[in-house]
Amino acid sequence: MESIWENISTALELSPEVSSKWLRKLRTQYSEGHRHYHNESELIRRKVTHLTGASVCLQLATLFQYYHFEADKDCVTQNCAAVDEFFVDAQLDNKDLEADVKRLLGDMKADAHDLPEEDVQFFQDLDLLVLGIPAEEYQKYTELLRNECQVAGTSSYDRMRLKLLQTLSRIPCIYSTKEFSERFETLARRNIEQEIADLQRK
């Protein structure tokens, strides 16, 4: 996380105080006890290597996407509010960048007319990156994810997860970008098919 935050801080010319403050806030959020997968050591670690050279918009959106996280709730509004708070605190007068970040986070009211479609596709693919990791790592991911969703109950979680995976398996292309499709599509489909089979046996 630190390397990406340094890129953001440099590009936006953040003061050392603001930069340090928000890096601490991000790390505090991502280290909450109820997070098993959506934390810095798992989720962020996997995404960081793909963000080298990416736009500040994509980097910010990635770090704020799960700033607030509850397994059974949609936290888009809260995360967009955190983006607002950051822009105010950093005294950033860049409405276009702010709107683009919030649109990527899911705020459809954000006036992001100049957000490139390739950025939208990259951001979506980055969030699906975990589907295409090696099988042993994928197994660990599913266990961590299940631990986060205990509040929903095991049987309820299994039904929801199975429905999601079956939907993904019917999509012609899981990944929208050429880069992710070439590198992760085949393995992602293999992982999804295996998890579907495992869930159907329960």
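Phe 69 counts as buried because its relative accessibility is 11%, where buried means under 20% relative accessible area, exposed means over 50%, and partly exposed lies in between, with a 1.4 Å probe and protein chains only. The structure is a predicted model, in which local features need pLDDT of at least 70 and side-chain atom pairs count only at pLDDT 80 or more, while totals for chains, interfaces and linings use all residues. Residues are numbered from 1 along each chain as its sequence is written, and side-chain values use heavy atoms, with hydrogens and water left out.

Phe 69 sits in the loop between helix 4 (56–64) and helix 5 (76–89); helices here are DSSP runs of H or I with at least four residues, strands are runs of E with at least two, and both are numbered from the N terminus. Leaving aside residues up to four places away in sequence, Phe 69 touches Glu 32, His 34, Arg 35, His 38, Cys 75 and Glu 148, contact being heavy atoms within 4.5 Å. The C-alpha atom of Phe 69 is separated by 18 Å from that of Arg 46, a residue 23 places apart from Phe 69 along the chain.

Cys 75, one of the residues that Phe 69 touches, belongs to the loop between helix 4 and helix 5. Cys 75 counts as buried because its relative accessibility is 6%. With residues up to four places away in sequence not counted, Cys 75 touches His 68, Phe 69 and Glu 70. Between the C-alpha atoms of Cys 75 and Val 88, which are 13 residues apart along the chain, the separation is 20 Å.

From this loop we can turn to a pair of helices. Two packed helices are described by the angle between their axes and the distance between the axes. The axes of helix 3 (residues 40–51) and helix 7 (residues 117–127) come within 10 Å and cross at roughly 145°; these axes are lines fitted to C-alpha atoms, for helices over the stretch in contact, and the angles run from 0 to 180 degrees between N-to-C directions. At this meeting, Lys 47, His 50 and Leu 51 of helix 3 are in contact with Phe 122, Leu 126 and Asp 127 of helix 7. By class, the contact of helix 3 with helix 7 has three nonpolar, one polar and two charged residues, with Ala, Val, Leu, Ile, Met, Phe, Trp, Tyr, Cys and Pro counted as nonpolar, Asp, Glu, Lys and Arg as charged, and the others, Gly among them, as polar.

Within helix 7, the buried residues are Asp 119, Val 120, Phe 122, Phe 123, Asp 125 and Leu 126, and what covers them includes helix 3, helix 4, helix 6 (95–105) and helix 10 (178–200). Helix 6 is itself mostly covered, since eight of its eleven residues are buried, among them Leu 97, Glu 98, Ala 99 and Asp 100. The buried residues of helix 6 pack against helix 4, helix 5 and helix 7. After helix 6 comes Gly 106, whose phi is positive, near 115°.

The structure holds one cavity of 30 Å³ or more; on a 1 Å grid over the protein atoms alone, a cavity is a set of points where a 1.4 Å probe fits but cannot get out, a pocket is an open set with protein on both sides within 12 Å along at least five of seven lines, and lining residues have an atom within 4 Å of a point. The largest cavity is lined by Tyr 37, Leu 43, Arg 46, Lys 47, Leu 126, Asp 127, Leu 129 and Val 130. Helix 3 supplies the largest share of this lining, three residues.

The largest pocket is lined by 29 residues, of which His 38, Tyr 141, Leu 145, Arg 161 and Leu 164 lie nearest its centre. Helix 7, helix 8 (135–148) and helix 9 (154–170) each supply at least two residues of the lining of this pocket, and the largest share, five residues, comes from helix 9. By class, the lining of the largest pocket has 19 nonpolar, four polar and six charged residues.

Two further loop residues deserve a look for their backbone angles. Glu 13, in the loop between helix 1 (2–11) and helix 2 (16–30), has a positive phi near 55°, and Gln 91, in the loop between helix 5 and helix 6, also has a positive phi near 55°. Glu 13 is exposed, with a relative accessible area of 70%, and Gln 91 is exposed, with a relative accessible area of 72%.

Technical notes: Points joined across faces, edges and corners; volume = space filled by probe spheres on them.
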